[in-house]
Structures are given as structure tokens and as C-alpha cells.
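Biologist: Can you walk me through this model? I would like plain answers, chain by chain.

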Amino acid sequence: MTTTATATQRPRTRKSNRPAWDEEPSFVGKFAKAAFMICYAAAIVIPIWAIVATSFASEEALQRAGGNLLLLPTDLSVQAYQEIFSGGALTDSLLLTIVLTAIGTAISMVLTIGAAYGLSRPGTVLHRPLLLLILFTFLFAPGMYPNFLVVQKLGLFNSYWSLILPMALNAFNLIVLRAFFMNSVPRELIDAAKMDGAGEFKTLFRVVLPMSKAILAVIALFYAVMYWNIYFQAVLYIPSLDTQPIQVVLQRMLMSTQGLPGAASSAAQYQSDVAAPTAALKMAVVVCTIVPIVIMYPFIQKHFTKAVITGAIKG
Amino acid sequence: MAALQTSAPPASGGGQARPRIKRTQTFGQRLRHDWPLLVLTLPALVQLAVFFYWPSAWNIIAFMDYSPYRPFWENPFVGLAWFERLFSDPYFLPALGNTLKFALAQLMFVFPLSIGLALLMHSVVSTKVRSTFQSIVYLPYFFSWVLVVTVFIQMLGSDGLVSNWALGFGGDRLSFTTDGDTFVLLAWMQWAWKDAGWGMIIFLAALASINPSLYEAAAVDGASRWKRMWHITLPGIRPVIVLLLILQLGGILTVGFEQYQLQREAVGYQATEVLDTFVYYRSIIGSQGESFGTAAGLFKGAIGLVLILIANNVAHRLGEQGIYQKS
Amino acid sequence: MATPSRRSPFRRRSLFKAAGIGTAGAAGLPMIAACGDIESGSGSTQVTEGFDFLPNYKEWPLPIEPDLVGEPPHHPSGFTSYPEPVQAVTDLPSGSGTYEFTIPMWGEAPSKDDPYYAAVHEAWGGTVINIRHADGNTFADTSAQWLQANEFGDGIQIFSWMLYAHPNFRETVANTFYDLTDLLKGDIADRWPLLAGRDTAAWGKSVWSTDPEDPETARIFGIPGSILGGPANAVYGRTDLLEAAGLAMPTTVEELLEVGRAWSDDAAGQWAFFGTDWFTPAWFGLASGEGWIWDEEQDKLIHNCERPEYTEWLEFRRTLHDEKLQHPDAASGTLEPKDLHKAGTILFHQDGIQYWSDFTNQVKGGEAEGAIAPIGAIAANGRTPLVHAVNDVEGWVFLSKDLSQEQVEEILDVANFCSAPYGTKEFEILEYGVEGEHFNYGDDGTPVYTELGTAVVQAPVNYKTFSGRVQTFLTGQPEFVQDRFEYNATMKDYIEANIWEGMRVESPADAVAADQARQDQENDIAYGRAELSEIPSMVETYLNNGGEAAREHFTAAYKALHGK
């Protein structure tokens with residue numbers, strides 16, 4: 001195992017990071033791999049590029065394009081971004097979403113880790129019935145109306161807690177984490193910790209969690225994404241609050257003109273086209289919603305890497 | 001980390017060995033021994049009780065002719081009448097068929113694509129290439145469906161980027177985004193574009209926990225690249241794959257809503273009607289009521305349950321843990 | 001026709017997010033009537049006139065007579081000049097209550113700190129009404145939940161077209177909202193002169209029966225919004241592009257097709273048409289709303305789809321597709337036709353009447369180029385044109401039944417204030433906000449919004465629509481008012497007669513489902529996925545799966561209404 005560690009830590013002296021034991025792949029294989037990756041990345045980069053380019057486009061350029069996305073903004077303009085960050089409402093919304101995501105993810109992780117560990121040992125008291133209670137949640141979802149009633153009866157209507165507590169536990173994440181605790185954390189280590197007189201809490205914090213960093217990072221990411229994308233709950237549960245999560249703001253912009261070509265309904269007159277967001281503004285908000293994610297991702301990735309090294313040493 | 005490499009049966013065997021010892025203890029003794037585990041589980045259980053079981057009790061209205069303005073128990077019970085109505089609707093079976101079709105396509109093509117991407121990533125040695133690629137491909141996951149469909153129309157629509165290139169080279173406009181017959185392919189491309197990169201992440205995490213010294217040992221023993229993938233990599237992530245597959249099966253009838261509703265007019269209702277849109281058009285626009293939607297939800301849940309049970313059983317036979325064990 | 005079209009794009013593109021079927025399935029819909037054991041969704045009817053408990057009408061004299069005198073309701077009068085506003089409510093009540101109202105809003109919600117709100121509160125006597133700006137796109141669906149849980153603050157605004165998400169709305173109304181009858185009955189002109197000046201028909205349209213079987217239980221439950229007749233939608237052509245191509249504005253459907261053929265060029269990326277689904281039936285003489293007409297010869301109700309004009313209409317739509325006269329991605333649901341119209345990619349665009357003034361304003365402001373005009377009353381095959389128009393209250397404000405009588409009276413004081421018409425100080429502050437902040441007087445004396453005014457006062461639904469105006473007129477930019485007035489004059493003779501005047505009819509659930517399926521099939525034909533030859537079987541399916549049941553239901557309503 002020391003060899004592995006040195007192999008990964010010795011990249012400078014070699015042409016690549018390839019470990020000594022790994023053979024060089026064939027040229028064809030390399031080429032095919034590179035070609036596939038480039039095509040795949042291009043299929044994703046081009047549209048994202050178009051979104052970013054459009055967000056910087058001037059109004060005239062958008063007009064000529066008929067509201068389509070642009071690949072090459074001829075005359076750049078940061079007007080859309082100025083608009084976003086001048087009013088303050090959008091800045092508030094971004095901040096709120098970040099705070100919600102942080103608090104929500106923390107609460108979710110506490111619930112999930114506790115239950116995943118608590119249920120990771122078959123044969124303990126009440127293990128089966130409790131597990132069944134959790135598995136049962138896969139079977140159906142309570143309807144929108146019952147969910148709403150519960151939120152309302154608990155006094156969470158028009159409270160930001162209504163965006164966190166009702167979805168704080170995801171059975172899918174719980175089961176994934178539990179499976180990891182059961183399959184990938186060696187029993188001997190837990191038993192050894194117990195021998196040393198460590199209680200369950202100590203074992204969890206000292207032995208199990210440090211070994212599970214990679215999966216914990218992934219699950220935290222799952223929760224963070226869920227909170228980051230909160231939309232419909234906000235529309236339903238917190239209509240009175242001034243600051244709304246970012247997805248609500250975004251969807252209002254993306255859908256605002258779409259739902260309203262007027263039709264036989266009289267409502268068209270309340271959607272003044274004058275105030276309709278331009279394509280640049282919409283795309284700028286899209287960019288704002290993904291920038292924090294782009295910033296966050298390297299940290300998560302670092303955990304993956306660390307987990308690899310930890311694995312190498314422990315193994 | 002050894003437990004992951006050795007295939008699962010010994011691990012689950014170990015799990016089964018313990019209860020036998022414990023069974024000899026009384027409930028009180030076991031409680032005294034295991035209480036910390038219960039305490040750890042408690043917050044999650046409270047959350048479930050309040051936000052899942054309490055509202056779920058409402059599913060009883062699937063058997064009632066429910067109105068919110070009557071005292072609850074004065075709502076008349078109608079037995080299975082709502083289910084009868086569900087099954088007798090001429091559009092129900094096609095919607096169910098489409099749902100299964102899309103779910104299968106998702107399982108068979110999107111899922112393996114994520115694994116494939118993860119393996120590909122894993123085999124790339126350069127950290128730079130690796131992290132660049134990774135930090136690009138997962139981004140579309142954060143786009144709402146409105147935006148994803150918009151992007152597809154802009155790129156692949158009849159007046160889209162590709163069409164106009166083709167036109168410039170003397171070709172024809174694509175009719176891909178308005179063709180009901182090829183909608184599965186279109187939907188697949190949309191999933192792949194939106195979700196595959198994201199799905200890759202969890203497999204990468206699983207791959208990250210495989211001990212590299214195993215590869216080294218195998219390589220020293222003369223195992224080729226493909227052999228190593230077959231004998232070390234895949235078994236290493238097998239528990240994760242099986243687990244995710246089972247869980248996907250449970251939610252198989254929930255294939256999404258917005259994606260289909262947004263493209264309903266473009267490719268036609270016959271290609272896009274799934275259970276979720278069916279219920280929407282029947283119970284919200286078609287005003288069949290809350291009981292109707294609840295009945296449809298229960299039906300979906302029942303199918304999901306059966307699929308999970310079957311899949312879990314198969315997993316046990318294959319020597320995997322699945323989501324729960326027989327004890 | 002009283003009910004708004006089922007083609008409303010709000011319905012098709014609702015943002016209703018089904019995170020699981022449970023979500024999709026449970027919008028919380030109460031119901032009535034019969035299928036086996038289920039007493040649900042058999043539809044309902046509600047008479048809306050001939051009551052003896054409505055407020056006694058007492059004319060409220062206008063401070064200024066309109067410059068352009070039309071023939072209401074479908075040819076409303078208009079103002080091309082802005083008068084010195086007068087005070088309508090001279091005896092200002094003083095209110096001290098604070099209330100919260102839920103109101104739908106599209107676009108970005110304005111800040112609640114804006115001076116507009118405080119200024120309006122002060123102007124109407126101190127009552128504070130905080131607005132809960134709920135998302136308009138999801139409002140129909142979400143409001144159904146709020147109402148059932150009695151969680152909408154002290155009042156809620158609901159547009160009549162939103163009732164599709166509230167089947168058996170009658171039950172909701174009777175159980176949730178304040179019964180205003182005792183307060184509004186008889187002579188109310190002393191305390192609420194502006195409310196007394198409102199059209200009796202508007203009050204009649206705000207009546208629901210607490211017991212569907214017993215007409216004697218009818219009561220007033222809502223404060224009606226404005227009624228403004230005349231065409232609410234149009235298909236707009238780019239007149240500048242027509243002129244450049246040497247083409248004239250079409251006056252028949254045949255001419256329209258010729259113009260489309262002459263202008264469209266698929267290879268160059270220009271198409272005459274985009275969406276043609278919800279506006280075009282009128283060109284073929286098809287009925288609006290649920291699509292029923294009374295056939296005197298056969299002595300029964302006939303649905304659009306049973307008429308030969310229906311086939312003609314679908315042939316027309318199919319021609320646009322086959323001959324590549326319409327944008328190939330028109331059905332995709334994510335393109336913005338307004339933008340394509342402004343860019344000149346498409347020549348004709350169906351939209352609400354507001355689009356006309358918006359476009360004109362944008363050209364003025366240098367944000368768009370070109371000129372547009374609505375296509376007039378046109379028809380196919382030499383028939384007399386038919387024009388769909390709305391003459392109904394746009395919606396209601398309902399008050400919570402938990403309010404006390406004094407509180408409701410205070411809110412009615414506010415409603416009285418909000419009913420003030422054009423030419424009053426009340427109208428000015430509600431419609432334009434505070435001078436210098438939200439608007440400035442233009443050169444011709446007409447108020448012009450500032451940027452803040454556009455964002456806060458103009459775009460969103462707010463106090464302007466709290467209670468309908470005593471009388472409604474065409475107002476705004478003088479040139480636009482003039483154009484629209486003249487346009488209405490050319491349309492008024494062709495306006496469809498509303499055979500349901502005096503009654504609100506709710507379709508049976510089966511019929512709504514069958515209707516949805518038929519519309520899906522119409523689109524299949526229009527976009528080339530099915531053939532015109534399939535129309536007869538499609539109609540048969542429709543009739544067998546709910547259409548005939550709907551005919552029975554509507555026939556009963558029709559006979560009751562017309563005394564047959």
C-alpha cells in the first residue's frame with residue numbers, strides 16, 4: 001500500500017499520473033476515449049455556452065435573434081447582471097437559498113446519519129419494524145393537500161421551516177448510507193472500538209464517519225441539491241414571504257411570458273409585456289443559479305480524492 | 001475496506017449470525033444494550049411520523065367520495081369505485097404502457113450510461129482532464145425542465161442550430177423534436193443530457209472506495225485492463241448498482257411530469273401521456289377529484305411495492321444485500 | 001360565453017409540478033354527482049340574474065364624459081384626453097384595521113416597502129391591506145389548497161378562468177367566504193355610492209347558491225371585478241412587413257392563406273404563422289367556450305365538432321402545416337412567439353389585446369421596430385364573420401367568513417374607493433401611483449409611467465383590480481385608445497351572441513376529460529400526426545365518452561334559461 005501512496009504522490013517525475021503497474025493503453029483506445037469525451041462534453045458545453053453568451057447579449061442582438069439563444073454575442077452587455085444585482089431582491093433570494101440549503105442539509109445529515117447507523121445492525125432491538133417503517137415510504141407519496149394540511153396545522157405555513165422540515169429525510173439517501181455502513185465499514189473495526197470501551201456515539205464519530213467521507217459528501221450533495229432546487233413547496237407554503245427561493249424567481253421569469261399569450265382569458269392584461277424579462281435577464285438568472293454549484297463542486301471533489309487516499313492507507 | 005471487495009455473502013452471513021445470539025436475551029436486556037441506536041434513529045422516525053405517516057393516513061379517501069367540507073367520517077365510503085373508474089378509462093392503459101416504456105428506457109439506457117461514464121472517468125489518469133470533464137457534465141442536472149426543453153428546441157428543433165447547419169449544406173430540417181414515433185429517443189437524450197453526468201457522481205464515489213492496491217496486485221499477477229475491470233471494479237461497485245437499481249424500480253411509475261407535459265403538444269399526447277400527466281388531466285383539469293388522484297397514487301405505490309419485493313428477492317439470490325435482509 | 005375557453009394556455013402550460021403522483025393527484029377537489037357509487041363531477045348550473053337581494057342600482061354620475069362614445073358593452077367608450085381628476089369619495093371613512101389579501105401576480109413581485117402601498121392606504125382612509133403576491137402561473141392550483149385549508153388571509157382574488165382547478169367551486173364558496181348579502185341588500189348608496197353605481201349584472205354574477213337544489217338559497221359572496229366587453233384577443237399582423245412585401249392586410253380567410261403563401265419562405269426561415277389553435281375557430285364560425293350552439297332546425301344543442309365548419313377549420317390548420325406556412329417548432333411550447341414576431345420571423349401572432357399597446361409602446365421607446373395591427377373580422381367561404389368576445393366579470397375578491405361585520409364593512413369602504421372610474425383622484429392613485437415616483441404627466445397631460453411605476457403599479461395585479469370600476473372605458477395612450485375604439489367599431493356587429501347570459505354552467509367531469517382528449521386529437525391532425533379522415537371517429541369517441549352527457553347537461557341548462 002505504501003507503493004500506491006508513493007505512486008500517486010510522485011507525478012512530477014513521470015510523464016503522467018499513471019501508476020507503475022498500469023500498462024499504457026493502445027493508441028486507438030486512447031483516441032476513441034478522447035473523441036467520446038470531447039463529443040460528450042461538447043454536447044453539454046455548447047448549450048451552456050449559449051446560455052452564458054445570451055446572458056451577456058445586448059437587447060438589439062436579442063431582438064434580431066427573435067428571443068433565441070445566441071452563440072456569439074456581437075456586442076457584449078452586462079445590463080442583465082446589473083439589473084439582477086441592483087434591485088436587491090435577487091441578491092436576497094440567492095442569500096436565502098444559500099442559507100436554506102446550508103441549514104437544511106445540516107438537519108438532513110443529522111437525521112440520515114443517525115437513522116442509517118441506528119439501523120445498520122440487523123438483529124438489534126426493533127430493527128426490523130423500524131426499517132419497514134422507512135421502506136414503506138417508497139411505496140407512495142401523500143397527496144399535496146394532506147401535506148399542505150400538516151404544514152398548516154403545525155403552524156409552518158408562511159414560515160421558511162416549511163421548506164426544510166417536511167422533506168428533511170429522504171429514504172433513498174438513508175438506505176444508500178445504511179448499505180454503505182453495513183457493507184463497507186469493516187465490522188472488525190467497530191468491534192475493536194467497542195472492545196476499547198467506546199459507546200455507540202463514540203464509535204460512530206470516531207470510526208464510522210471518518211471512513212465514510214466520500215459517501216457522506218455525495219449524500220450531502222444530494223440534499224444540498226434538493227434544497228437548492230426547492231420550487232413548488234415554496235409556491236404552496238410561503239406565498240406571503242417577500243424573499244422567495246431562487247428557483248421560484250427563476251421559474252416566474254422563465255414561465256412569465258410563456259404561459260400568457262393572452263388566450264380567451266382576460267388575464268393577459270395583467271402581464272404587461274413592458275415588464276417582461278428579456279432573454280438576457282432570464283439566462284443571467286440561470287447562470288446565477290448554477291454559479292454557486294460550480295463553486296461548491298471542487299470541495300466535494302476534494303473529498304472524493306481524500307477518500308481514495310484514506311482507502312489506500314486503511315486497506 | 002476489505003468488506004467491499006469480498007463479495008457480499010460473508011458480510012450478510014455475519015449479519016445473520018448475530019441475531020441468533022441476541023434472541024436469547026429478553027426484550028428489556030436488548031433494549032438496555034441497544035438504546036443508543038434507538039436514540040440515533042429517533043429524530044428520523046419523528047420526522048417520518050409527522051411528515052409522512054400523518055398525511056399518508058389521508059390515502060383512505062381513495063375509498064371515499066371525499067369532500068373537504070363535510071366532517072371527515074360523513075364522507076361516504078365507495079369501496080373500489082374510484083379504482084374501477086381508473087381502470088375503465090380508455091386512456092389509462094396507454095398511459096400505463098407509456099410509463100413502463102419510459103421507465104424501462106431510463107433503467108436500461110440512462111443508468112448504464114452513468115456507470116459507463118464513471119468507469120471512463122475512473123480510467124482517465126490525468127487529474128486535470130478528469131476534474132474538468134466532471135465539473136462540466138453534471139451541470140445540466142441543475143436546469144429545470146423548461147430550460148432543458150428550451151435548449152433542445154434551440155439546438156435540435158426544426159428551426160434549431162443543427163437544422164440550420166444542415167440547411168446550409170443542402171440538407172433538410174430535422175423533425176426530431178416534433179416526431180411522436182421517436183419521442184423515446186428524444187426523451188432518452190434529454191435524460192442523458194440532464195441526468196447522466198450527475199448519476200456518474202455516485203458511482204464515482206463508490207469507485208473511489210475501491211482499494212487501489214487490489215488493482216496493483218492483479219496487475220502484478222498479469223491481469224489485463226479489461227480483466228481488472230471485470231474482476232475488481234464491477235464487483236466493487238456491484239452492491240451500489242444493485243441497490244440503486246432496486247430503488248429505481250420502486251419509483252418506476254414516477255417518470256416525471258413536466259418533461260412530458262411541456263412536449264405534449266409538440267409530439268402528441270399518444271407519445272407523451274404517462275400516468276402523472278393522465279392524473280393531472282383527469283383529476284385537476286378533468287375535475288375527477290382528490291379521491292381519484294389518491295386512488296391512482298395507491299395503484300402506483302402497489303406496483304412499486306411488488307417490483308421492489310421481486311427485485312430484492314432476485315438480489316438475495318444473486319448474493320447481494322438488497323435494501324433489507326431476510327433474517 | 002360565460003366560461004373562458006378551455007384552450008387557455010394557462011391550462012396547457014400550468015407549472016404544476018408533480019413530484020410524485022401523490023402530488024399530481026391531490027389538488028383537493030370537492031365534488032358532487034353520479035357514476036356508480038360516486039356522486040361526483042356531474043357538473044352544475046348557477047343562475048346569475050333575477051335576484052331581489054342585490055344592491056339597488058343608483059347611477060353614479062361620471063365626473064367627465066368620454067371623448068369617444070361607443071355602444072357598450074362590446075364597443076366601449078374611450079378617453080383620448082386626461083382630465084383634471086376630481087375627488088370621488090368626498091366623505092372619506094377612517095379605517096384602522098390591517099388585513100392581508102392573497103392575489104395572483106405574474107413576473108417578479110415588487111417590494112412591499114414601495115411607497116405606492118402606503119400612499120394608497122392613506123388615500124382610502126387608513127385601512128391597511130397587505131398583499132400576498134402569489135405566483136400567477138400556479139395560482140389556480142395552489143389557491144384550491146389554500147381555500148380548503150381556510151388559509152388565504154382575510155381575502156383572496158380569483159379570476160373566473162381559474163375556476164377549472166376548483167370544480168364545484170360553489171361548495172368552496174358557501175363554506176369559506178363571507179356572505180355579503182345582508183350588507184349589500186337594498187339601498188347602499190349612502191355608505192357605498194360607487195358600489196351602488198355598479199351594474200346589477202355584475203352583482204348577479206357574484207351570486208352562488210348554498211344549496212344547489214334550492215335556488216332560494218342564493219347569496220352574494222364576492223366583490224365583482226370589472227366588466228369590459230369587446231374583443232379581448234386578436235391575431236396581429238406586422239403591417240410594415242406586409243407593406244414591404246407588397247401585400248395587403250387580408251379581409252377573408254382565403255386572402256389570409258394567400259398572404260401566408262406569398263410571405264412564407266421555409267428555406268429562409270420565415271413563416272407567416274405561429275400558434276393558430278385557440279383564436280382561429282372564430283374565423284370558421286365555431287362557438288366559443290364549451291362550443292355549443294342551439295340549432296333551431298334540429299331543436300337541440302350542437303357541438304362545434306359536429307358541424308362541417310369544424311372540418312374546414314382543421315383543414316385550414318393542416319394546410320398551414322403541410323405547406324410550411326407555420327413555424328416548424330410552433331408546437332414545441334418553449335419558443336416565445338412575441339419575440340419571433342418582433343424579430344420578423346413570423347408575420348401573424350395570436351395574443352391578448354394588451355399586446356397591441358405593449359408593442360406600440362415598445363416601438364415608441366425604441367425597444368422594438370415595426371408596426372402591428374389586428375386582423376379585422378374575417379370569415380371563410382363568404383360567410384358572415386363571427387367574433388368571440390367576453391362580457392363577464394373578470395373575477396372576484398372574496399372575504400373570509402371569519403371576519404366580523406365591522407371588518408367587512410371597512411373592507412367594503414375600500415372596495416367603494418377602488419370602484420372610482422377614470423377622471424377621479426382615486427383612479428389616478430390606484431392606476432398610476434404617486435406623481436414623480438411612479439408616473440409623470442406627459443406633454444399632452446396623460447400620465448406616463450416611470451420605470452418604477454412600470455414595475456410596481458402597471459404590471460402586477462394589485463389594488464387596481466380590487467373592485468370593478470363603476471364604468472369601464474378604453475384608457476391609456478391616446479393614439480392607442482383611438483385605434484382600439486375604431487377597431488371595436490368594425491368588430492361590434494359580428495360579436496357572438498352569448499346564449500348562456502344569465503347562467504354559469506359547469507361541465508360534467510367526463511365531458512371535460514373527453515374535451516381534453518378531443519383537443520389533443522385536433523392537434524394531432526393540425527400537426528400532421530393524424531389524418532383529416534379520422535375526424536368522424538374522433539367525434540364519435542368524444543360524444544360517447546362524455547360529449548353526449550355534456551349535451552344533456554347543457555340542454556337542461558339551456559331549456560331552464562330560455563324557458564323551453
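Predicted model: local features only at pLDDT ≥ 70, side-chain atom pairs only at ≥ 80, totals over all residues.

Biologist: How many helices and strands does chain C have?
Modeller: Chain C has 19 helices and 18 strands. Helices (H or I, at least four residues) and strands (E, at least two) are DSSP runs, numbered from the N terminus.

Biologist: Why call chain C as compact as a globular protein of that length?
Modeller: Its radius of gyration is 24 Å, close to the 24 Å from the globule rule for 564 residues, so chain C is as compact as a globular protein of that length. The radius is taken over C-alpha atoms, and the rule is 2.2 Å times the number of residues to the power 0.38. Along the principal axes, the C-alpha atoms fill a box of roughly 65 × 65 × 50 Å.

Biologist: And what share of chain C is buried?
Modeller: Buried residues are 59% of the 564. A residue is buried if 20 or more other C-beta atoms lie within 10 Å of its own, exposed if 12 or fewer, and partly exposed in between, with C-beta atoms placed from the backbone.

Biologist: What about contacts within chain C?
Modeller: Taking contacts between residues at least 6 apart in sequence, 79% join residues at least 24 apart. Two residues are in contact if their C-beta atoms, placed from the backbone, lie within 7 Å.

Biologist: Which strands make up the open sheet of 5 strands in chain C?
Modeller: The order is β5-β4-β6-β15-β9, with mixed pairing. Two strands pair if DSSP finds at least two bridges between them. β5 (128-135) and β9 (222-224) of chain C are the edge strands, each pairing on one side only.

Biologist: How does β6(C) pair with β4(C), parallel or antiparallel?
Modeller: β4(C) and β6(C) run parallel, over 2 bridges. Across that pairing, T102(C) stands opposite I156(C), and F101(C) has G155(C) as its bridge partner. β6(C) also pairs with β15 (residues 395-399) of chain C, in the antiparallel sense over 5 bridges. There G155(C) stands opposite L399(C).

Biologist: Is β6(C) buried or exposed?
Modeller: Mostly covered: 5 of its 5 residues are buried. G155(C), Q157(C) and F159(C) point one way from the strand, while I156(C) and I158(C) point the other way. In a regular strand the side chains alternate between the two faces of the sheet.

Biologist: Switching to chain B. How many helices and strands there?
Modeller: Chain B has 15 helices and 0 strands. Of its 327 residues, 50% count as buried. Among contacts with a separation of 6 or more, residues 24 or more positions apart account for 67%.

Biologist: Which residues of α10(B) are buried?
Modeller: In α10 (residues 212-220) of chain B they are P212(B), L214(B) and Y215(B). They cover an arc of only 155 degrees around the axis, which puts them on the same side of α10(B). The arc is that of the directions from the helix axis to the C-beta atoms. Just after α10(B), G222(B) has a positive phi of about 95 degrees.

Biologist: How many residues of chain B are in contact with chain A?
Modeller: 85 residues of chain B are in contact with 89 residues of chain A. Helix α3 (residues 27-56) of chain B gives the most to the chain B side, with 20 residues.

Biologist: What is that side made of, by class?
Modeller: The chain B side has 52 nonpolar, 25 polar and 8 charged residues. Ala, Val, Leu, Ile, Met, Phe, Trp, Tyr, Cys and Pro count as nonpolar, Asp, Glu, Lys and Arg as charged, and the others, Gly among them, as polar.

Biologist: Last topic, backbone details. Where is the cis peptide bond?
Modeller: The cis bond joins P72(C) and P73(C), with omega about 10 degrees. P73(C) is in the loop between β3 (44-47) and β4 (98-105) of chain C.

Biologist: And what is the phi of L126(A)?
Modeller: L126(A) has a positive phi of about 60 degrees although it is not a glycine. L126(A) sits in the loop between α5 (89-118) and α6 (127-135) of chain A, and is partly exposed, with 17 other C-beta atoms within 10 Å.

Key
Residues numbered from 1 in each chain as written. Chains lettered and ligands numbered in written order.
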